[in-house]
Every structure is written in C-alpha cells, then in structure tokens.
Amino acid sequence: MKTFPTIVLGIFLTLALIGMVTFATFSATNSQDVGAVTIWGSVPVNLVEELLTNVRGRRDDFNKVKYIEVRADTLDAQLVEAIAAGQGPDLVVFPASSLVKDSDKLMPIPFDSYPRRDFLDTFIDGASVYISDEGVLGIPFVIDPMVMYYNKALFADGAVARSPRTWDEVIAVVPSLTKKTSSGTVTQAAVALGEWDNVRYAKDILVTMMTQLGTPVIGVSDVVSGATRSLGYRSLLLQTIDGISPADSAVRLYTGFSDPAKPAYSWNRSQKESRTAFVAGELAIYLGYASELTELREINPNLNYDVAPIPMMRGGGSQGHARILALSVPRGSHNPNGAILAAYELSGATAQAELVSLTHMPSPRRDIDPSSTENSYAPVFRAAALKSFAFLDPDPASTDPLFGRMVENIASGKYRVSESLRALDEELTRVLKMK
C-alpha cells in the first residue's frame with residue numbers, strides 16, 4: 001500500500017509529459033475534426049445536450065461529442081480514479097473551487113496555443129484563476145454569481161424604499177425589517193447572517209466580506225525548491241493593511257448580525273434555514289446565487305421578490321463570490337486536441353449566446369450582451385458576474401467545518417475574534433501543505 005501514492009504520482013508525471021508533447025503541436029487554428037470527445041461535468045445533462053444539438057447543427061464533426069453528467073460532490077473523486085485507471089474523460093467541466101486541490105490533474109493549454117492576453121481580453125477578471133505558470137488550465141464555460149434577493153412586500157411593510165447598496169445600509173434597515181415578540185423572539189428577520197448551520201452559503205458570504213475589505217483569504221505565492229520555482233498557495237487571513245486586519249473586520253461584521261447586543265441583530269441559531277425562511281416570507285434579504293431565481297419562484301409562486309447586487313463595503317470593494325466552471329483537459333485524455341477544439345467551440349461567442357438564452361444566466365465572456373434575453377434580471381446578473389471573484393478553496397469539504405467552528409466559537413464567546421482567526425489561519429496552512 002505504501003507504493004500506491006508513488007505509482008499514482010508516476011502515472012500523472014507520465015501523463016504530464018505526454019500532454020506537453022501533444023499541446024506543443026496544437027494550434028487554435030488547427031483544422032482537424034473534433035472526433036470522439038467525452039465530457040464530464042455537473043451541469044444538467046438536458047441543458048448541455050440542447051447546447052450540443054445546436055452546435056451539431058453548425059458542425060458535423062460534433063457528432064461524436066457526448067456529455068455525461070456527474071454529481072458535483074463526487075466529480076473530483078471520480079475523475080482521480082478514472083485518470084489513474086486510464087478511463088478518464090477527454091474534457092471535464094472543472095470548478096474553480098477545485099483548482100488548489102486538483103489542478104495537477106489537468107493539462108495546461110500552453111500560452112503559444114492560447115495567449116494570456118487573449119484569455120484576459122475575452123473573459124471576466126474572476127476567471128483569471130484558471131491561468132497558471134504553464135498555461136491555461138481551463139476555458140471558462142459557466143458562471144453563477146452571488147446576488148441579493150429581497151422580499152418587496154416586507155420592504156414595503158417596513159417602509160424601506162430601496163434595496164441596501166452597502167453593508168452599512170443593511171445594518172441601517174435591520175430595525176425596520178426585523179420583528180420580535182415581547183420576549184425577544186425573532187418572528188421576521190431582516191437578513192440571515194452571523195450563524196453557520198442555518199445560513200446557506202455562509203462561507204461564501206464571509207469570504208466575500210473579507211475579499212471586499214482587501215483579504216482574498218488564499219493567495220498565490222512562489223515556491224522555490226532548489227533551482228525549481230513554481231506557484232503555490234498560502235493563507236492571507238492574518239495580513240494587515242495600514243495596521244488593520246480586514247479579516248478581523250469582516251468576521252466582526254458577519255457575527256454582529258447574530259449578537260443581541262449589536263444594532264445589526266436579526267438572526268440566531270433557532271431560525272429556519274435561510275432560504276427556507278425567505279421563500280416562507282419570513283426573511284427580508286437572502287444572499288444566494290443567480291441560478292436560484294427560477295427555483296425560488298417554483299417553490300413559492302406568490303413570493304414578491306426582486307434581485308439586486310450583493311452589498312458592497314463603504315470605501316471598499318464590491319466583489320461578490322461566483323461559482324465558475326471551465327472546460328479543462330484532464331491528464332490521460334485520449335483525444336486532447338479534439339477536446340480543446342470542442343472547448344473552443346463551447347466557450348465561443350455563438351455557443352455562449354445560446355447558453356445564455358437557454359439558462360437566463362450570464363456568460364463568463366465579456367462580449368455577450370444580456371439585453372438579448374427575456375430575463376429582466378439579466379443586467380443585474382451580468383453586473384454581478386463582471387465584478388465577481390472565485391475563492392481558491394484549498395479543499396471545500398475540509399474548510400467548511402473549519403470556518404464554521406471559527407464562527408461558532410466567536411458567537412458563543414468561547415474565543416475572541418483574533419484568537420479564532422489565528423486558529424483558522426493555522427488550519428488553512430495545514431490543509432494547504434497537504435495539497
């Protein structure tokens with residue numbers, strides 16, 4: 001069993017060498033047919049098949065391109081096992097959240113084939129996480145930005161004229177949008193923040209606050225081993241700007257919404273799960289993703305809600321977290337050249353315009369006009385996508401409980417904010433070293 005990691009490492013090193021030779025001869029202007037290409041991804045199969053049908057109407061060489069839907073929570077593990085067994089796909093819809101943990105499973109597209117400048121000019125800034133030292137790790141395909149949903153009826157009832165644009169404005173409207181019984185029980189909440197288990201996307205929201213204040217949590221750094229230099233990752237949680245800790249400020253802002261002694265108090269651990277409370281008409285503001293628009297309406301057709309950008313920091317940033325998926329070539333692809341040709345087509349302007357029409361979601365491309373869709377929320381989604389970022393999560397499954405423990409320790413008064421942040425920084429560093 002001790003030799004197994006060595007065997008797997010040897011397999012990936014061999015595949016990396018093969019990939020370098022393959023892409024060295026590839027060009028974006030290559031006229032060869034796509035051929036047989038198998039794509040894996042978590043995007044619904046009916047959606048991708050409809051897009052592929054449109055492409056096949058334009059290109060005969062897409063007849064052997066097939067898509068297999070794989071659950072998002074098992075995609076990474078299945079991909080690793082399939083590559084090791086020599087049975088992996090030719091192309092994978094790869095999430096940005098897996099880049100730190102599994103980017104070594106991908107074959108970078110050299111800059112000679114896809115210039116860095118072309119990538120940056122074509123796609124939104126948030127997609128630049130797919131650029132590595134060796135080349136492009138994936139061609140952006142789908143983006144799902146975080147936005148703010150708000151209950152228009154509750155806003156009108158609380159005499160709040162418009163959606164808050166900053167976090168200061170969110171705090172200011174809390175008294176108008178929160179209702180309590182004489183004993184202090186919250187029966188209607190302004191916004192679901194401050195707790196962990198009953199706040200959907202709690203980590204994404206907290207990381208957004210930190211990023212807006214100037215701490216992207218995980219940063220890229222140089223790793224030097226002898227004469228070899230490569231890119232690595234490190235925790236930025238404890239960094240300061242002019243003597244101030246952005247992470248400390250973000251955590252205090254977040255936890256203040258569940259502190260009865262703070263003016264922002266609106267939420268506690270006895271409340272329903274945040275999205276459940278929103279669709280029940282008991283929560284005024286819900287921070288979620290653009291892709292939830294249709295689902296929210298289906299759950300409660302009578303819910304009178306609207307969509308606005310996620311609040312920004314006064315004097316700080318306005319970025320919001322986004323889930324970004326790119327078309328990447330995994331090591332061991334049996335048809336890497338055809339896979340890249342397929343990726344170019346599916347991420348191209350024509351296919352992306354069709355995908356926007358099918359999903360009513362924004363595109364990671366800069367040149368897709370959202371006004372061409374019937375979705376009245378398209379401009380909001382588009383603006384959110386342009387200002388979005390992708391969190392370089394070391395290992396989503398491992399870091400979720402670490403962030404949750406930090407918030408719970410602060411909310412319970414067990415540890416101070418600085419102590420909890422230091423502990424989280426140590427844990428993130430440990431996870432990064434295990435990568």
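Reply:
**Rings, charges, a cavity and a helix**

Tyr-114 has a relative accessibility of 9%, so this residue counts as buried. Keep in mind as you look around that the model is predicted. Phe-119 is buried too, because its relative accessibility is 1%, and the cut-off for buried is under 20%.

Now for the rings themselves. A pair of aromatic rings is described by the distance of the centres and the angle of the planes. The count for this structure comes to eleven aromatic pairs. One of them joins Tyr-114 and Phe-119, with 6.1 Å from centre to centre and 65 degrees between the planes, an edge-to-face arrangement. Phe-278 and Tyr-305 also make an edge-to-face pair, at 6.2 Å and 70 degrees. This pair links distant parts of the chain, since Phe-278 sits in helix H10 (residues 274–279) and Tyr-305 in strand E10, 27 residues apart. Both Phe-278 and Tyr-305 are buried. Going back to where we began, ring pairs connect Tyr-114 and Phe-119 with Phe-123 and Tyr-344 in a cluster.

Side chains of opposite charge can pair when their charged atoms come close. Searching the whole structure turns up 27 salt bridges. In one of these, Glu-345 pairs with Arg-59, and the closest N and O atoms are 3.0 Å apart. Glu-345 belongs to helix H12 (residues 336–346), while Arg-59 lies in the loop between helix H2 (45–56) and strand E2 (65–69), so the bridge ties together parts that are 286 residues apart in sequence. Glu-345 counts as buried because its relative accessibility is 17%, whereas Arg-59, with a relative accessible area of 23%, is partly exposed.

Another bridge to find on screen is Asp-168 with Arg-314, where the closest N and O atoms are 2.4 Å apart. Asp-168 is in helix H7 (residues 167–177) and Arg-314 is in the loop between strand E10 (305–308) and strand E11 (320–328), so this pair ties together parts that are 146 residues apart in sequence. Here Asp-168 is partly exposed at 36%, and Arg-314 counts as exposed at 67% relative accessibility.

What about empty space? Rolling a probe the size of a water molecule over the atoms shows where empty space is left. The search finds three cavities of 30 Å³ or more.

Let's finish with helix H8, residues 202–213. At 1.5 Å a residue, its twelve residues should span 16 Å, and the end C-alpha atoms are 17 Å apart, which agrees. Eleven of the twelve residues are buried, so H8 is largely enclosed by the rest of the structure. Among those buried are Ala-202, Ile-205, Met-209 and Gln-212. Just after H8, Gly-214 adopts a positive phi of about 120 degrees.

How values were computed. Residues are numbered from 1 along each chain as its sequence is written. This is a predicted model: local features need pLDDT of at least 70, side-chain atom pairs count only at pLDDT 80 or more; totals for chains, interfaces and linings use all residues. Side-chain values use heavy atoms; hydrogens and water are left out. Helices (H or I, at least four residues) and strands (E, at least two) are DSSP runs, numbered from the N terminus. The expected span of a helix is 1.5 Å times one less than its number of residues. Buried means under 20% relative accessible area, exposed over 50%, partly exposed in between (1.4 Å probe, protein chains only). A salt bridge is a side-chain nitrogen of Lys or Arg within 4 Å of a carboxyl oxygen of Asp or Glu. On a 1 Å grid over the protein atoms alone, a cavity is a set of points where a 1.4 Å probe fits but cannot get out, and a pocket is an open set with protein on both sides within 12 Å along at least five of seven lines; lining residues have an atom within 4 Å of a point. Grid points are joined across faces, edges and corners, and a volume is the space filled by probe spheres set on the points. Rings of Phe, Tyr and Trp (its six-membered ring) pair if their centres lie within 6.5 Å; planes under 30 degrees apart count as stacked, over 60 as edge-to-face and the rest as tilted.
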